[in-house]
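The sequence and structure come first.

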Amino acid sequence: MSVLISYATARGSTRGIAERIAAGLESRGAVELRALGDVASVRTYEALIVGSAIHNGQWLPEASDAIYRLGTESEGRPVWAFSVSSIGATSTILSPRVAAYLRRVTPEPRAVQNLRSITDVRDHRFFAGAIASGDWAGIGRIVFRLMGGHYGDARDWVDVDAWTERIREGLIDIPRDQG
């Protein structure tokens, strides 16, 4: 089973999550970890896991560009997607009240919606990332504080591992040699 785990990261949180997923899937077969901007083709992979940091509600430009560029090659392959921002499904760097509200009203990033329209997205998961005091400048820092934001690493490794296990289970049913 050949699996590509690719990501776009701004400050390293997304890369860290991708590395954790790769470590959890290594026993399933050939796992390759690459930055999305470095992926020229996905033809040789039987399954794809793609993720990006979210800025201004959307995946990073290099991630969106890669989805557009590699879209037709992704057809017929199972795909799992993850997004990393201030709010994850189980953890957050914002206040619990703000996070609960935003989880209800925040749509999937356009890149994930586009991916769903061209391939078999088995799941999309939101994870919280890490933020340092210098990561949001000017007015962003003020808004961050008003939303109850706190600096630090909010990645929920138990949640990442549980999601990785669901992917492992999903890989069992995939026919070999799709590419």
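## Packing of H1 and H6

Helices H1 and H6 are oblique to each other, because their axes cross at roughly 45°, and angles that are not roughly parallel, antiparallel or perpendicular count as oblique. The model is predicted. H1 spans residues 13-25 and H6 spans residues 157-171, and their axes come within 9 Å. The crossing of H1 and H6 is right-handed.

On the H1 side, the contact is made by Gly16, Ile17, Arg20, Ile21, Gly24 and Leu25. These meet Trp157, Val160, Asp161, Trp163, Thr164, Ile167, Arg168 and Leu171 in H6. By residue class, the contact of H1 with H6 has eight nonpolar, three polar and three charged residues.

## The largest pocket

What is the volume of the largest pocket? It is about 840 Å³. The lining of the largest pocket consists of 30 residues, and those closest to the pocket centre are Ile54, His55, Ser85, Ser86 and Trp136.

## Where the lining comes from

Two or more lining residues are given by each of these elements: H1, strand S3 (47-55), strand S5 (78-85), helix H3 (96-105) and strand S7 (130-131). S3 gives the largest share, three residues.

The pocket lining divides into 15 nonpolar, twelve polar and three charged residues.

How values were computed
Residues numbered from 1 in each chain as written. Predicted model: local features only at pLDDT ≥ 70, side-chain atom pairs only at ≥ 80, totals over all residues. Heavy atoms only, no water. Axes fitted to C-alpha atoms, helices over the stretch in contact; angles between N-to-C directions. Helix = DSSP H or I, 4+ residues; strand = E, 2+ residues; numbered from the N terminus. Parallel < 35°, antiparallel > 145°, perpendicular 65-115°, else oblique. Left-handed = near helix turned anticlockwise from the far one by under 90°. Contact = heavy atoms within 4.5 Å. Nonpolar A, V, L, I, M, F, W, Y, C, P; charged D, E, K, R; others polar. 1 Å grid on protein atoms, 1.4 Å probe; cavity = no way out; pocket = protein on both sides within 12 Å on 5 of 7 lines; lining within 4 Å. Points joined across faces, edges and corners; volume = space filled by probe spheres on them.
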